[in-house]
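Colleague: Walk me through reading this one, feature by feature. I'd like the general idea each time, then the case at hand.

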Amino acid sequence: MEKRVTIQDIADSLGLSRNTVSKALNNTGILAEETRRRILEKASEMGYRRFIYLQQEAPAPSTAPGELALLTQSMPYGSHFGTYALNTFQEKISQNNYRLSMFPIREEEMASLRLPLGFDKEKTDGIICMEMFQPEYMEMLNSLHIPLLFIDTAYDTDFTQIDADFLLMENRTSVFNLTDTLIQNGYRDLAFAGERRHCRSFFERYQGFMDALAENRLTPATTEFTDTNVFFEPSVLADTIKHTSKLPEVFVCANDFVAIDLIRALRKQGIRVPEDVTVTGFDNAPESRLIEPHLTTVEIPSAQMGYIAADLLLSRIREPETPYRITYVRTTVKYRESTGKLKL
């Protein structure tokens, strides 16, 4: 009996995903014409039964929108940079006839490595992940062989083992430059604040901080404020401040919200910023310009990152054989009152 040729057989013979081959055979989604041609020719060569090849005339493009899925452990809201990025991401994909469905991952789904309710992998053309830092779940998503984009990632992600594109903001050099500037202005007792292993961006910011200290032959003034639980509850942060025998001159914080929580906690203890302690953040969230004193921070081009994310994922769908990319978007230090007057 003749073996029936399947979509998976065609995909395996070309080294492509089943999802890509299905789009070419069923004329759904968007593919590069060269990729579509290769799939159609291979299907004809292998005798795929459902296949009809019209060499003289290309099939009319489908008008049905493609389906993209956002998967996240924590849905961005308020002034989180992801909120602005998602707005522009949806704008760009809509212009390209795609729509986005959002799927928060519940704790039980994360623990059991299950896809969220309502997610249909057969109808999903691409996945964008935001606030997704659980390595085992990332590996599970990788096994679906669906075009995949991560905005930020787990702190210890091995980029060579995940078949996905990654989009991050530049973290390490900007924090190095910020920290080094403070050191050149005479500060010697500096500490990092925030859980450095929370995500790749936090870890790279910590690396930039440590690089600047090493370059100037310094060591952290304290590591008390890098513990996971310090910023989880205001009372824990207050206790940590009270029981730190000597506070550092400078806190370089993992992001603006860590910095703002710290400024408020210091203020309750009668410690002034920047007169007694200098504080910096990262993100340039609107709150960084509302808190008193205004916060020295690092600006992320959040809205532009949404456009870049859309380009990365749509191009992966169209050109699945493109080498996987790790893209960093340039950031800019913004000096404000929380670091006092500095010589720049």
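**Reading the model**

Modeller: Helices (DSSP H or I, at least four residues) and strands (E, at least two) are numbered from the N terminus. Bear in mind that this is a predicted model, where local features need pLDDT of at least 70 and side-chain atom pairs 80 or more, while totals for chains, interfaces and linings use all residues. Residues count from 1 along each chain as its sequence is written, and side-chain values use heavy atoms, without hydrogens or water.

Colleague: What do the helix and strand counts come to?

Modeller: The protein has 11 helices and 11 strands. Its C-alpha atoms fill a box of roughly 80 × 40 × 35 Å along the principal axes. Of its 344 residues, 51% are buried (under 20% relative accessible area; exposed is over 50%, partly exposed in between, with a 1.4 Å probe and protein chains only).

Colleague: What does Phe89 touch, leaving aside neighbours within four places in sequence?

Modeller: Contact means heavy atoms within 4.5 Å. On that basis Phe89 meets Leu68, Leu100, Ile128, Gly306, Ala309, Ala310 and Leu313.

Colleague: Which members of the largest nonpolar core touch the most others?

Modeller: In soluble globular proteins, nonpolar side chains tend to be buried together. A core here is a set of buried Ala, Val, Leu, Ile, Met, Phe, Trp, Tyr and Cys residues joined through side-chain atoms within 4.5 Å. The largest one has 43 residues, and Leu68, Phe89, Ile128 and Leu190 touch the most other members. Helix H11 (302–318) gives the largest share, 7 residues.

Colleague: Where are the cis peptide bonds you'd point me to?

Modeller: Check omega. Val273 to Pro274 is cis, at about 5°, and Pro274 sits in the loop between H10 (256–268) and S8 (278–280). Glu292 to Pro293 is cis too, with omega near -5°; Pro293 is in the loop between S8 and S9 (297–299).

Colleague: That S8–S9 loop also holds Asp283. What is its phi?

Modeller: Near 130°, positive in a residue other than glycine. Asp283 counts as buried because its relative accessibility is 13%. Glu131, in the loop between S3 and H6 (135–142), has a positive phi near 55°. Glu131 is buried as well, at 17%.

Colleague: One last one: which residue's side chain does Thr20 pair with?

Modeller: Ser17, through a polar contact of 2.9 Å between side chains. The term covers N or O pairs within 3.5 Å; within protein, one atom must be able to donate a hydrogen and the other to accept it, and residues adjacent in sequence count only if both are side-chain atoms. Thr20 is in H2 (18–26) and counts as buried because it has 3% relative accessibility.
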